[in-house]
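Q: I would like to learn how to read the features of a structural model such as this one. Could you take me through them, with the general idea before each case?

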Amino acid sequence: MSITSIDNEFVAHSYGRFPVEIEKGKGSILYSTDNKEYIDLTSGIGVTSFGFNDETWKNAVIEQISKVQHTSNLYYTAPCAELAKLLCEKTGMKKVFFSNSGAEANECAIKAARKYFNDPNKSTIVTLKNSFHGRTLTTLAATGQDHYHELFQPLTPNFTSIENMVELKSIDPTTIAAVMVECIQGEGGVVPIDKELITQIREYTQQNDILMIIDEVQTGNGRTGKFYAYQHYDIMPDIVSTAKGLAGGLPIGATLLSDKVQNVFAPGDHGSTFGGNPVSCAAAFSIVNRLTDEQLQDVTRKGDKIKAELQNVPGVTDITGMGLMIGIKTEKPAKDVVNALVEKGVLALTAKDKVRLLPALNIDDETLDKAIEIIKETVC
Ligand SMILES: Cc1ncc(COP(=O)(O)O)c(C=O)c1O
């Protein structure tokens, strides 16, 4: 039996997969079991920050896995402590809770906001329409897209989504615990949120004793050319959630707590067996350490290059995003473009009606140029 037929028989059918069986990778190239080469512009949906089989990342993982692979949170380990310290130094946040995924990082952010006020009458979490915050019942409730909700009612109560300040101000502020925002809506179609709206939300939350949570699950860890995307907006949130690219390909989630909320959790309030896993944390430490100003500038340069190259290409009607998080609106349906790209050896993503690119942050220019040429001939 082929891998595909075993998978189809035994793995739950919750994913639509492309007809590609991946065997291994190096840098930004993936190799299939039938020996085809693919230029990877997906990085496992924004996860493999420095590509595949990367020496520095691999050594960090091997070194830690050779010492101890898991301890539970009953004991102290250096990778967990040192990663938390590094994240706080890079952001000005004060404490970190580690989990295993974006949904869990958001779940923790929401629990932190609710626990901070500890008042059922001040428990509403407001999110933006078209947002995506995860697939657990609570993060689905936070997700501002109705079609994700339909099959899973009832969701966690006291979530609502808004489009603008008028809608936010129409909700009694004394009932709101937090407003949660993605600076660029990734799954929503790579839609950057207006600086004015983010700034106004921040001012309003500060004036009304409401917490502001920024969801950096997709935009974080260098993806947009800043360490976190909120740094493009000159704001300081109360809580930041992140995951995906943080550990470069191992499961991790992190919820960063600012000065104001840093002591919200006491022992027993929240937990995760695998959270703070030393191998994931050692991997993440090696990734975060490499996100230097120079590396971030290179992400911006490559993102600008993709935009400049594709801007006036026939078949492209719009390009959105920042850094190496790019959405391309095409005349042809995005799905058709991505399917055609796979045939030509380029892996890309869709996000709503756009082709979405999330290449490795260190993709080399030659590989990127080659992929851009293939995209140009495929979109027209
Ligand atoms: C902004 C955002 N938040 C949360 C999530 C959920 O992350 P995970 O799939 O790791 O649970 C995603 C996943 O795409 C995301 O893009």
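This is a predicted model: local features need pLDDT of at least 70, side-chain atom pairs count only at pLDDT 80 or more; totals for chains, interfaces and linings use all residues.

Q: What should I know about phi and peptide bonds before I look at single residues?
A: Most residues other than glycine have a negative phi, while most peptide bonds are trans. Here, valine 190 has a positive phi of about 50° although it is not a glycine, and asparagine 221, likewise a residue other than glycine, has a positive phi near 60°.

Q: Where is valine 190 found, and where is asparagine 221?
A: Valine 190 is found in the loop between strand 8 (184-185) and strand 9 (191-192), whereas asparagine 221 has its place in the loop between strand 10 (211-215) and strand 11 (239-242).

Q: Which residues are joined by a cis peptide bond?
A: The cis peptide bond joins glutamine 153 and proline 154, with omega at about -5°. Proline 154 lies in the loop between helix 6 (137-142) and strand 6 (159-162).

Q: How do I decide whether a residue is buried or exposed?
A: The idea is to count the other C-beta atoms within 10 Å, with 20 or more for buried and 12 or fewer for exposed. Valine 190 has 26 other C-beta atoms within 10 Å and is therefore buried. Asparagine 221 has 29 C-beta neighbours inside 10 Å, so asparagine 221 also counts as buried. Glutamate 55, by contrast, is exposed because it has 8 other C-beta atoms within 10 Å.

Q: Where is glutamate 55 found, and how many residues separate it in sequence from lysine 26?
A: Glutamate 55 is found in helix 3 (residues 55-67). Glutamate 55 and lysine 26 are 29 residues apart in sequence, and their C-alpha atoms are 10.0 Å apart in space.

Q: Which residues surround the ligand most closely, and which helix gives the most to the shell?
A: The ligand is surrounded by 14 residues, and the closest are Ser101, Gly102, Ala103, Val217 and Gln218. Helix 5 (residues 102-117) gives the most to this shell, with three residues. Sorted by class, the shell holds four nonpolar, seven polar and three charged residues.

Q: How are two packed helices described?
A: Two packed helices are described by the angle between their axes and by the distance between those axes. In the case of helix 3 and helix 9 (residues 278-289), the angle is about 150° and the axes are 8 Å apart, and the two helices are therefore roughly antiparallel to each other. Helix 3 passes helix 9 in a right-handed crossing.

Q: Which residues of helix 3 and helix 9 meet?
A: From helix 3, Thr56, Trp57, Ala60, Val61, Glu63, Gln64 and Ile65 meet Pro278, Val279, Ala282, Ala283, Phe285, Ser286 and Ile287 of helix 9. By class, this contact has 10 nonpolar, three polar and one charged residues.

Q: What is the packing angle of helix 10 and helix 12?
A: Helix 10 (residues 293-310) and helix 12 (residues 365-379) pack at an angle of about 30°, with their axes 10 Å apart, which makes helix 10 roughly parallel to helix 12. Their crossing is right-handed. Lys302, Ile306, Glu309 and Leu310 of helix 10 make the contact with Leu368, Ile372, Ile375 and Lys376 of helix 12, and the residues of this contact divide into five nonpolar, no polar and three charged.

Technical notes:
Residues are numbered from 1 along each chain as its sequence is written. Helices (H or I, at least four residues) and strands (E, at least two) are DSSP runs, numbered from the N terminus. A residue is near a molecule or strand if its C-beta atom, placed from the backbone, lies within 6 Å of it. Ala, Val, Leu, Ile, Met, Phe, Trp, Tyr, Cys and Pro count as nonpolar, Asp, Glu, Lys and Arg as charged, and the others, Gly among them, as polar. Axes are lines fitted to C-alpha atoms, for helices over the stretch in contact, and angles run from 0 to 180 degrees between N-to-C directions. Angles under 35 degrees count as roughly parallel, over 145 as roughly antiparallel, 65 to 115 as roughly perpendicular and the rest as oblique. A crossing is left-handed if the near helix is turned anticlockwise from the far one by less than a right angle, and right-handed if clockwise. Two residues are in contact if their C-beta atoms, placed from the backbone, lie within 7 Å.
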